[in-house]
Amino acid sequence: MEGLKLVLSGPSGSGKGTIVQELLKDDNFKLSISATTRNKREGEIHGVHYFYKTKIEFEEMIKNNELIEYAHFCDNYYGTPKAFINEVVKEGFDIILEIEVQGALQVKRRYPDAIFIFIMAPTFEELKERLISRNTELPEVVEKRLERAREELLLFKEYDYIVINDSLKDAIEQIRYITKSEKLKSKHYKEHIQSMLEN
Ligand code: ADP
Ligand code: 5GP
């Protein structure tokens, strides 16, 4: 069976990155590594967390049609490279696209069979608290991201599932359940049934 395409979105600070790092400890998941023009945070590695690009390099990727989707988020470009996804899914891995909502909507048009999961902090206060205590952005960038969070929350209906990341452990479990249930859908069993009938 081909792997699933899981699109994970949610406001900055809701815990997407933390959840993804835990999920990647499972053998079935692989992460789509995005390109971005934002600065590298301490501890981040080129080719592991992102492919870090200049604005000119990123615009070159757009021009050469190298991205499945891209978006402008709080003054930087972010995009999903085409290479990798199809290959990985064919090998049977479940690929995670951790992307913001505008990009997710583009993926939805291109891959209607992808699964869309929206991750939220339990309250706006908690979201703010997490973003501030992560201490990776300047206060004005934190403000921008919180403003953007309000717009993103309004698009929750575009997603198939909502996961509230209150307990990290529960949130991760829920995404594992979603993945397992999605794989049990009858549409994945056409070939299996066909081969049973042929014998
Ligand atoms: P995102 O990738 O969505 O921007 P992060 O994964 O960087 O968010 O998480 C934001 C901050 O919140 C980090 O400091 C992280 O350690 C913390 N965090 C993530 N999940 C939880 C949780 N369930 N409870 C408390 N803090 C959390
Ligand atoms: P951060 O700067 O915190 O790593 O990411 C900021 C936002 O960009 C997050 O919402 C993250 O999900 C999103 N993002 C990361 N990669 C991509 C991508 O390839 N495409 C799009 N559209 N958004 C992305």
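**Figure 1. Lys5 and Ile95 are bridge partners in this predicted model.** Ile95 sits in β7. The two strands concerned are β1, residues 5–9, and β7, residues 94–98. They pair in the parallel sense. Four bridges join them. Strands of a sheet pair through backbone hydrogen bonds, either parallel or antiparallel.

**Figure 2. Five strands form an open sheet.** The order is β2-β7-β1-β8-β9, and the pairing is parallel. The edge strands are β2 (29–31) and β9 (161–164). Each of these two pairs on one side only. From one strand to the next, the twist averages 30°.

**Figure 3. Helix α1 packs on the sheet.** The helix covers residues 16–23.

**Figure 4. Pro81 is a buried residue of strand β6.** The strand comprises residues 76–81. Pro81 counts as buried because its relative accessibility is 15%, and the cut-off for buried is under 20%. Leaving aside residues up to four places away in sequence, Pro81 touches Ile33, Ser34, Ala35, Phe51, Glu66, Leu67 and Ile68. One of these is Ala35. Pro81 and Ala35 are 46 residues apart along the chain, yet 7.0 Å separates their C-alpha atoms.

**Figure 5. Asp75 has a positive phi.** The value is near 75°, in a residue other than glycine. Most residues other than glycine have a negative phi. Asp75 lies in the loop between β5 (67–73) and β6. Is Asp75 buried or exposed? Asp75 counts as exposed because its relative accessibility is 53%, and exposed means over 50%.

**Figure 6. Asn135 also has a positive phi.** Its phi is about 60°, although Asn135 is not a glycine. The residue lies in the loop between α5 (124–134) and α6 (139–153). With 65% relative accessibility, Asn135 counts as exposed.

**Figure 7. Six residues make a nonpolar surface patch.** They are Met1, Leu184, Tyr189, Ile193, Met196 and Leu197. The patch has an area of about 670 Å². Where does Ile193 lie? Ile193 belongs to helix α8, residues 190–198. It is partly exposed, with a relative accessible area of 44%.

Key. Residues are numbered from 1 along each chain as its sequence is written. Chains are lettered from A and ligands numbered from 1 in the order in which they are written. This is a predicted model: local features need pLDDT of at least 70, side-chain atom pairs count only at pLDDT 80 or more; totals for chains, interfaces and linings use all residues. Side-chain values use heavy atoms; hydrogens and water are left out. Two strands pair if DSSP finds at least two bridges between them. Axes are lines fitted to C-alpha atoms, for helices over the stretch in contact, and angles run from 0 to 180 degrees between N-to-C directions. Contact means heavy atoms within 4.5 Å. Patches are made of residues with over 30% relative accessible area and no salt bridge: like charges are joined within 9 Å, nonpolar side chains (Val, Leu, Ile, Met, Phe, Trp, Tyr) within 5 Å. Accessible areas come from the Shrake-Rupley method with a 1.4 Å probe; for residues, only the protein chains shown count as cover. A salt bridge is a side-chain nitrogen of Lys or Arg within 4 Å of a carboxyl oxygen of Asp or Glu. Buried means under 20% relative accessible area, exposed over 50%, partly exposed in between (1.4 Å probe, protein chains only).
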